[in-house]
Amino acid sequence: MAKSRSFRLTKWACYILLTIMAAIWLLPVIYALTTSFKSQSDVMQTGFRLLPASWIMDNYVRVLSNTSSAPIVRWFFNSLFISTTHTLLMMVFVSLAAFGYARMDFKYRDTMFFTILAISMFPAVVNIIPNYMIVHKLGWVNTPLAVIMPGLGGVGNVFLVRQFMQGLPKSYDESARMDGANDFTIYFKIILPLIKPVLIVTSIFSFTGSWNDFLWPTIVLNNVDQLTITAGLQLLQDIYGNYMVIGQLMASAFLAMIPTSLLFIFAQKYFIESLNLNTGIKG
Amino acid sequence: MENSFDNDNTQHKNRKGIKFKQWVFIGPHFIFFVVFILFPMIYGFYASFTKWNLIGSPSWVGLENYEAILMDPTSSFYSQFRNGLVNTLIFVAGTVPLQVIIPLVLAVMLQHKGVKGKGFFQAIFYIPGLISVTAAALVWLLIFNPRLGPVNNLLGSNVTWAVNQPYAWIIIFMMTLWGAIGGNMVIYRSAMSGISNDLYEAAEIDGATSFVKFFKITLPTIKFPLLYTIVMSTAAAFNVYAQPLMVTSGGPEQSTFVLMMYIRNLAFGQGQSVAGMAAAMSILLGIVIVIIAAFQFRLMYRSSK
């Protein structure tokens, strides 16, 4: 029975370590959340107290009603519009392109695909400066298009969806073609329904990636009203932080965390799957 | 993966060139690829050999930018590039190893058959990765706030974290790890779940300890996911920008001013843009990233033989 004793010992060691790590990982979010319900005088009390002396909604009311220096509601909807549009367009482009590269025949098809894949792997830092020039020439600076469009040229998602499509039997297309279906019918009626899982996965990642993007939006959006919430929060340190209005700072941070966290809670399965797809592990 | 690369293209002998019908499918993406990836990349290389203010037309200066950055100690670009690259390397060295080791340890602990609530723990470690870096920075600045933050209050210290070294780096590392370990942990966990239990049991019968089992069975099996996460985490770490910007603004005394911050300031900062110089720096950073990734691949490939 020596084995079961060591089994129990390691089990408890795991529990203790996992719990300590989880506590450290949770503390910032919980402390931010409780602080967002503290009054200003409560925040300024020194000494560690997790819970507010009395729970107040004032911070949220003030943050949500700010429409000039930090219009957070506006930023929130800017982000929602940008990330949603980006994701929808991405799915259309990606599924079309993947169909072309996986299920249509033309000369140098695979050479062409792997060439663009290899090119896209060069570090993106080089593209940032010329991309600004392009966006400027197109007249997109300070418009949502500047943040929605450039990312659509990426090849990573096409690669994932193409891989997935190649796993589908060729006979599906062939029998449909026999029945007189053309490529568009095959794409819409046969392939699109079958690739739904991989499309959900890539759309979740496109959405969170777009929502959390920071550097690019701060370059092409410099009008306070046009900012995304991720870029906008950068301004808050000056607006609330310098005056130590920490409750409002935390209320804003917490509001910004909600959409992606909610998405995870409802789609945890797909998040885990997507990571496996990226590394090429079969889920 | 290898089977998927060429499973359906060899048997077609009479393949024709690309036609209108095919362009309808690959065209939309291809146009965006050319406009926002291929062209900018070529233009970025070109711009690095020019004097350019971002909007006007660039004027060719040959290797002047690279000479200033790499060989002229009197140039401010030389000192900026040097300081930025050193600080970026410090960030990479301080975060990447822990971004691999901590998730590995967590994944191993979550692999233990007696441990319950695996999904719960996984969610706690994963969700911070979905929180934007700006929201995370605001929260972590409060956690390390000298007077009001829980860290100083619990430890009874009065360190002013963000403006003193090494504390400034510690906050940056901590908040980076907070967001970075979940994804890698999930990857390791699913790679480990593919390992057959028989292997471990056979090893146990031979008297293998947990350490032996980990190094002889677990690690070799998850080699490719491990390599993938190391390369991706390193490349991402070289692009670090938001964490030091939000937490320390590059201070104290530019000791956390990373290369991306210099590149951004030179191209898009206040005053006249020196986009040509910034482009040259971004090319150099890109080359460093590629070299390190190639080196990592080689190292892992060798050690696996």
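I began by noting how helices are assigned: a helix here is a DSSP run of H or I with at least four residues, numbered from the N terminus. I also kept in mind that this is a predicted model.

I looked up the UniProt record, an unreviewed entry, whose annotation "transmembrane region" covers residues 12–34, 75–101, 113–133, 145–165, 186–207 and 243–267 of chain A. I then checked two of these stretches against the model. Residues 12–34 of chain A came out as 100% helix and 0% strand, with the end C-alpha atoms 31 Å apart. For residues 75–101 of chain A I again found 100% helix and 0% strand, and there the end C-alpha atoms are 38 Å apart.

**Where the chains touch.** I next asked how many residues of chain B are in contact with chain A. I found 81 residues of chain B in contact with 84 residues of chain A. On the chain B side, the largest share, 17 residues, is supplied by helix α2 (residues 20–47) of chain B. Sorting that side of chain B by class, I got 57 nonpolar, 18 polar and six charged residues.

I followed α2(B) to helix α6 (residues 125–137) of chain A, and the two pack at an angle of about 105° with their axes 7 Å apart. Angles of 65 to 115 degrees count as roughly perpendicular, and α6(A) and α2(B) are therefore roughly perpendicular to each other. Among the residues making this contact I listed A:Val126, A:Ile129 and A:Pro130 of α6(A), together with B:Phe36, B:Pro40 and B:Tyr43 of α2(B). The residues of this contact divide into eleven nonpolar, three polar and no charged.

**The largest nonpolar core.** I counted 156 residues in the largest nonpolar core, and those with the most contacts inside it are A:Ala253, B:Leu138, B:Trp140, B:Ile171, B:Ala278 and B:Met281. Helix α8 (residues 167–193) of chain B gives the most to this core, with 14 residues.

**A closer look at B:Val100.** I located B:Val100 in helix α4 (residues 76–111) of chain B. Is B:Val100 buried or partly exposed? A buried residue needs 20 or more other C-beta atoms within 10 Å, and B:Val100 has 19, so I recorded B:Val100 as partly exposed. Beyond its neighbours within four places in sequence, B:Val100 is in contact with B:Asn184, B:Thr229, B:Ile230 and B:Ser233. I also noted that B:Val100 and B:Ser233 are 133 residues apart along the chain, while their C-alpha atoms are separated by 8.4 Å.

Methods
Residues numbered from 1 in each chain as written. Chains lettered and ligands numbered in written order. Predicted model: local features only at pLDDT ≥ 70, side-chain atom pairs only at ≥ 80, totals over all residues. Contact = placed C-beta atoms within 7 Å. Nonpolar A, V, L, I, M, F, W, Y, C, P; charged D, E, K, R; others polar. Core = buried A, V, L, I, M, F, W, Y, C linked by C-beta atoms within 7 Å. Buried ≥ 20, exposed ≤ 12 C-beta atoms within 10 Å, placed from the backbone. UniProt positions renumbered as here; feature names shortened; annotations may be inferred. Axes fitted to C-alpha atoms, helices over the stretch in contact; angles between N-to-C directions. Parallel < 35°, antiparallel > 145°, perpendicular 65-115°, else oblique.
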